[in-house]
Amino acid sequence: MAIQSMDKIVCQIRPCYQCGTCAGGCPVFRNNPDLNPRMLIEKLLFGQIDKILQNQDVWNCCFCLTCSQHCPQSVDLAHILIELKNYSAKEGITPKSILDEMKILKKTGMTFELSKMVLKRRKKMNLPGILPPDLNGIQKILKTTGFDDRLNSSLAGKQITETSEEEA
Amino acid sequence: MPRYSENAFALFLGCTIPLRFPFIESASRKAIKAFDFETKDLPFGCCPDPLGVQSFDKETWAALAAHNLCLAEEEDLDILTLCNGCFETLSVANAELQHNDKIRIRVNKILGEVGKEFKGKINVRHIIQEFHDLRTLIPDLIARPLANCKFAVHYGCHFLRPAEILQTDHSEHPVILDELVQVLQGNSIPYLKKGLCCGAGVYGTDFPTSTKIIQEKLAEVGKTRADAIIVICPTCFRQYESGQILIKRNHGETYGDNGREIPVIHYAELLAFALGFNMSEEFNQHRIKLSFNEKLLEGGMGTI
Ligand code: SF4
Ligand code: SF4
């Protein structure tokens with residue numbers, strides 16, 4: 001479950017015959033050609049991972065899974081992009097909006113904070129109080145998985161450069 | 001003796017619904033009351049989000065999902081979600097952990113730190129699947145038929161894909177939400193690009209593209225003169241509702257009749273309304289006010 005090795009990722013994309021079906025159905029590509037799923041596969045096959053991770057382009061995938069569902073060669077590009085985003089996060093290139101979400105997750109165990117306005121709205125509809133999650137447990141998990149270290153160094157702008165871990 | 005009835009679920013509210021759009025929670029609780037099933041609230045954390053958290057650290061995503069699944073397992077309850085994101089995360093993590101020994105061992109080692117163990121004995125369901133299973137009961141319960149109304153339904157990516165795991169409907173030609181609108185006597189209208197993603201996933205990372213995607217969808221829905229857009233996910237809800245408000249502000253474009261925006265409704269709200277529940281406070285909390293109540297009045301169906 002840890003980040004897959006690059007070799008493993010390349011192995012999974014080998015069946016790709018560059019038909020472009022993934023690009024044709026991608027909601028992002030039709031509006032932002034910087035995210036070209038077919039070309040991404042091509043770059044990966046040619047070992048140009050550094051080029052891919054140079055900018056935040058992989059983060060522009062909205063994880064709609066259309067490409068994975070449509071690929072005639074069963075290449076699961078949406079999940080390969082999740083792996084690439086994990087690589088990118090490890091390198092400290094996570095976009096700010098994602099880091100903000102991670103900060104709230106660590107602080108509250110949820111991805112939104114309860115505002116006074118929402119509390120008032122809940123009361124107006126006689127909704128029960130919100131059960132607080134097991135924050136201690138969640139924070140312990142975040143420490144154990146290395147999430148905390150990744151978040152702290154991302155926030156400090158430092159890059160984590162240790163080599164990727166092979167799946168257990 | 002089982003602790004709960006056969007039709008009992010752990011209600012998984014997620015983050016966005018209770019903390020941002022509580023009217024969807026309220027409507028869901030109301031609609032559930034009309035049927036013969038029990039729900040229990042448990043102290044769940046974030047599902048976590050299939051995009052943000054999974055992209056940042058996949059192992060954390062799996063471990064937090066497993067942590068939530070364990071809470072329901074301890075109560076012997078299947079999980080019922082109101083949101084596509086929660087549904088996708090919990091279903092996919094549940095399947096991965098059930099079928100991949102390596103992943104399960106790894107995650108259980110992490111969970112051991114907090115005294116939990118994933119066993120893989122429960123199912124995850126979306127409330128829409130449950131309503132669809134119960135659809136033959138609905139006609140007799142309807143207090144406000146929606147016969148004069150036209151709705152544009154949007155399923156959302158994470159309700160349909162990955163189809164092999166979620167198994168909700170045909171991933172390219174789903175019908176269950178259309179059928180659920182029809183069962184309320186509403187018209188589910190066809191529109192171009194119905195299967196296209198709403199673009200919410202890149203709202204934070206690529207806002208201009210996110211806007212262009214929702215503009216594409218809204219332009220098509222607008223042509224049909226739909227009375228409302230029906231969604232089954234709070235993230236799609238936000239994208240359609242805030243999206244229209246921002247597009248009006250930033251680009252001066254609107255997609256409804258007479259320069260108005262098109263109202264957006266979670267299916268649970270539509271169902272609760274059709275079943276006769278008082279929904280005035282819920283609908284009042286929408287930023288885009290519902291305009292189809294005039295039609296309902298014409299049909300003598302009473303107000304919202
Ligand atoms: S759809 Fe599949 S085979 Fe076709 S270009 Fe994309 S990854 Fe390659
Ligand atoms: S998952 Fe990403 S790359 Fe694939 S079609 Fe959707 S936005 Fe495009």
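Domain bounds come from an automatic or database domain assignment. This is a predicted model, in which local features need pLDDT of at least 70, side-chain atom pairs count only at pLDDT 80 or more, and totals for chains, interfaces and linings use all residues. Residues are numbered from 1 along each chain as its sequence is written, chains are lettered from A and ligands numbered from 1 in the order in which they are written, and side-chain values use heavy atoms, without hydrogens and water.

**View 1. The two domains of chain B.** Chain B splits into domain 1 (8-127) and domain 2 (143-298). Their centres, taken over C-alpha atoms, are 25 Å apart. Of domain 1 of chain B, 27 residues are in contact with 27 residues of domain 2 of chain B. Contact means heavy atoms within 4.5 Å. The two domains of chain B bury about 2200 Å² between them, and 75% of it is on carbon and sulfur atoms. B:Phe23, B:Lys30 and B:Asn84 supply 29% of the area that domain 1 of chain B buries against domain 2 of chain B, more than any other three residues. Buried area is the accessible area (1.4 Å probe) that two parts lose on being put together, summed over both.

**View 2. Chain B against chain A.** The contact takes 66 residues from chain B and 63 residues from chain A. Together the chains bury about 5700 Å², with 65% of it on carbon and sulfur atoms. Which residues of chain B lose the most area to chain A? They are B:Leu19, B:Phe56 and B:Arg106, together 15% of what that side buries.

**View 3. Chain A, a chain of helices.** Chain A has ten helices and zero strands. Helices (H or I, at least four residues) and strands (E, at least two) are DSSP runs, numbered from the N terminus. Chain A is divided into domain 1 (6-90) and domain 2 (96-167). The centres of these two domains of chain A, over C-alpha atoms, are 27 Å apart. The C-alpha trace of chain A spans about 55 × 35 × 30 Å along its principal axes.

**View 4. The shell around ligand 1.** There are 13 residues around ligand 1, and A:Cys16, A:Cys19, A:Gly20, A:Cys22 and A:Cys71 come nearest. Near means that a heavy atom of the residue lies within 4 Å of the molecule. α2 (21-25) and α3 (37-45) of chain A each supply at least two residues of this shell. By class, the shell has eight nonpolar, four polar and one charged residues. Ala, Val, Leu, Ile, Met, Phe, Trp, Tyr, Cys and Pro count as nonpolar, Asp, Glu, Lys and Arg as charged, and the others, Gly among them, as polar.

**View 5. The shell around ligand 2.** Of the 13 residues around ligand 2, A:Cys26, A:Cys61, A:Cys64, A:Leu65 and A:Cys67 come nearest. α5 (66-70) and α6 (77-90) of chain A each give at least two residues to the shell. Twelve residues of this shell are nonpolar, one is polar and none is charged.

View 6. Most residues other than glycine have a negative phi, and most peptide bonds are trans. The bond from B:Cys47 to B:Pro48 is cis, with omega near 0°. B:Pro48 is in the loop between β2 (38-41) and α3 (52-56) of chain B. The bond from B:Arg161 to B:Pro162 is also cis, with omega near 0°. B:Pro162 lies in the loop between α9 (157-160) and α10 (163-166) of chain B. A:Asn126 is not a glycine, yet has a positive phi of about 55°. A:Asn126 lies in the loop between α8 (116-124) and α9 (135-145) of chain A.
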